[in-house]
Amino acid sequence: MKKQILVILFIILSSGGAKADMTLSLYEELRSSNDPETKAILQLFLEATFTGIQTTVIRYEADGYPMAFCPPEEKIFTIDELYGFLDSEVAAAKAIRGVPYLGDEPVSFVMLNALQTLFPCESYRRKN
């Protein structure tokens, strides 16, 4: 199992340059795993991705840019909610917008789209 973890980390980290994001297809592959260590790595990755997005948005707001999404104040999302956000966004892309994700999109991009859809701000209007 430790070899599996090293392989997963190698795939993520070797995906080019300083990029350390996971593709949607790799996320879906890891999400379907029953291995507890793989699930723990995926959970850590999603929590870190969300924290990075949230930190960036807060920093941009402090610099005078409009908020990209506006979740309820003081809300701390659970890992199950983060999974749900991604799953809902992937389903909505296909069913509602008619443009499914291809699988090579970064998970951070899909998560940001989900957060913008679920928690829109008055100061930010997504162009459809």
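Helix 5 buries Val107, Val110, Met111, Asn113, Ala114, Leu115 and Gln116. Buried means under 20% relative accessible area, with exposed over 50% and partly exposed in between, using a 1.4 Å probe and protein chains only. Helices here are DSSP runs of H or I, at least four residues, numbered from the N terminus.

A word on the source. This is a predicted model, where local features need pLDDT of at least 70, side-chain atom pairs count only at pLDDT 80 or more, and totals for chains, interfaces and linings use all residues. Residues are numbered from 1 along each chain as its sequence is written, and side-chain values use heavy atoms, with hydrogens and water left out.

Back to helix 5. It has twelve residues and reaches 16 Å from its first C-alpha to its last. That is close to the 16 Å expected at 1.5 Å a residue; the expected span is 1.5 Å times one less than the number of residues.

What do the buried residues of helix 5 pack against? Helix 2 (24-31), helix 3 and helix 4. Contact means heavy atoms within 4.5 Å.

Take helix 4 with helix 5. They pack at an angle of about 85°, axes 9 Å apart. Axes are lines fitted to C-alpha atoms over the stretch in contact, and angles run from 0 to 180 degrees between N-to-C directions. The two helices are therefore roughly perpendicular, the class for 65 to 115 degrees; under 35 is roughly parallel, over 145 roughly antiparallel, the rest oblique. Helix 4 brings Phe85, Leu86, Glu89 and Val90 to this contact. Helix 5 answers with residues including Val107, Val110 and Met111. Ala, Val, Leu, Ile, Met, Phe, Trp, Tyr, Cys and Pro count as nonpolar, Asp, Glu, Lys and Arg as charged, the others, Gly among them, as polar.

Now helix 3 (residues 36-62) with helix 5 (residues 107-118). The angle is about 60°, axes 10 Å apart. That makes helix 3 oblique to helix 5. Phe45, Leu46, Thr49, Phe50 and Ile53 of helix 3 meet Val107, Ser108, Met111, Leu112 and Leu115 of helix 5. Eight are nonpolar, two polar, none charged.

Last, one residue. Leu86 sits in helix 4 (residues 79-95). Why does Leu86 count as buried? Because its relative accessibility is 0%. Beyond neighbours within four places in sequence, Leu86 contacts Tyr27, Leu46, Val107, Val110 and Met111. Tyr27 is 59 residues from Leu86 in sequence, yet 9.9 Å away in space, C-alpha to C-alpha.
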